[in-house]
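Welcome! Here is a short briefing to read alongside the sequence and the 3D view. Take a look at both, then follow the points below.

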Amino acid sequence: DRAAELGLALPEFSAAQFADLRQQLPAFATVSNPLDYNLSLWGDEAGLFKCFNTALGGDCDAGLLILDYPPTDERGRADCDKSVDALLAAARANGKQPIVCTTLQETLPEATRARLIAAGCPPIQGLEDALTAFAKAARQAQRRTEIRSGSVTAALASTDAVSDRLRLLTEWDAKQELKAHGLTIPSARLV
């Protein structure tokens with residue numbers, strides 16, 4: 001629901017992906033994006049890689065793994081590491097951005113955070129923060145693509161080009177200028 005509110009598309013799996021995932025997962029698992037593999041592959045790094053590889057093989061930009069490490073259970077932490085390793089390998093194999101998110105801030109071990117950062121995978125603590133950060137990054141990438149394609153103009157101009165128009169703007173007018181150049185501004189009313 002939050003992804004939809006943020007304008008993040010969660011693409012459907014292709015027919016081939018759906019069939020492959022349906023075969024990998026138990027009958028009670030719902031094959032959709034987002035995918036809940038229902039812990040059916042928990043601790044099975046090869047099985048997790050196959051699942052994540054199938055899911056990331058489609059029309060998507062990134063794979064987000066939601067994972068809370070247990071605070072004291074070493075075996076549980078090792079199983080979490082297998083999930084992270086499978087995600088990193090599947091993302092690398094498909095040229096996609098891996099992201100690991102915890103729902104509880106204190107559950108991601110410091111060593112794991114450092115390992116993720118070194119692998120180019122942002123460790124984000126808090127699901128809402130993860131989705132918001134990804135939505136902003138996606139919007140920036142979309143805007144950059146639009147500007148490079150020439151379908152819109154860049155919002156920035158040199159001061160030389162606007163020096164004859166320099167004037168102090170009210171907050172309302174400044175936001176309207178930013179909006180006219182394609183930037184998203186907060187909802188507001190002038191009263």
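How many residues does helix α6 have, and how far does the helix reach from its first C-alpha to its last? Helix α6 covers residues 127-149, which gives 23 residues, and reaches 33 Å. That is close to the 33 Å expected at 1.5 Å a residue. Please keep in mind that this is a predicted model.

- Four residues of α6 are buried: Ala130, Leu131, Ala135 and Arg143.
- Their cover includes α1 (2-5) and the strands β1 (62-66), β2 (97-102) and β3 (123-125).
- Just after α6 comes Gly150, with a positive phi of about 85°.

**Salt bridges**

- Side chains of opposite charge can pair when their charged atoms come close.
- Searching the whole structure turns up eight salt bridges.
- One of them joins the side chains of Asp81 and Arg115, at 3.4 Å from N to O. This pair links distant parts of the chain, with Asp81 in helix α4 (residues 74-94) and Arg115 in helix α5 (residues 110-118), 34 residues apart.
- Are Asp81 and Arg115 buried, partly exposed or exposed? Asp81 is partly exposed, with a relative accessible area of 25%, and Arg115 also counts as partly exposed, at 31%.
- Arg143 counts as buried because its relative accessibility is 13%, under the 20% cut-off. Glu146 is partly exposed, at 21%.
- In helix α8 (residues 171-180), Lys175 and Glu171 are four residues apart, again about one turn of the helix. Their side chains meet in a salt bridge of 2.8 Å, N to O.
- Lys175 is partly exposed, with a relative accessible area of 23%, whereas Glu171 counts as exposed at 58%.
- Why can residues with this kind of spacing face each other's way? An α-helix has 3.6 residues a turn, so residues three or four places apart point the same way.
- Salt bridges can also form a network, as they do in linking Arg2, Glu5 and Glu128.

**Nonpolar cores**

- In soluble globular proteins, nonpolar side chains tend to be buried together.
- Which residues touch the most other members of the largest nonpolar core? They are Leu25, Phe52, Val84 and Leu116, out of 27 residues in that core.
- Helices α3 (45-56) and α4 are the elements that give two or more residues to this core. The largest share, seven residues, comes from α4.
- Apart from this core lies another one, of five residues, including Ile99, Cys101, Ile124 and Ala130.

- Leaving out residues up to four places away in sequence, Phe52 touches Tyr37, Leu65, Ser83, Ala86, Leu87 and Ala90.
- Thr54 lies in helix α3 and is buried, with a relative accessible area of 11%.
- With the neighbours up to four places away in sequence again set aside, Thr54 touches Gln17, Asp20, Leu21 and Gln24.

Methods
Residues are numbered from 1 along each chain as its sequence is written. This is a predicted model: local features need pLDDT of at least 70, side-chain atom pairs count only at pLDDT 80 or more; totals for chains, interfaces and linings use all residues. Side-chain values use heavy atoms; hydrogens and water are left out. The expected span of a helix is 1.5 Å times one less than its number of residues. Buried means under 20% relative accessible area, exposed over 50%, partly exposed in between (1.4 Å probe, protein chains only). Contact means heavy atoms within 4.5 Å. A salt bridge is a side-chain nitrogen of Lys or Arg within 4 Å of a carboxyl oxygen of Asp or Glu. A nonpolar core is a set of buried Ala, Val, Leu, Ile, Met, Phe, Trp, Tyr and Cys residues joined through side-chain atoms within 4.5 Å.
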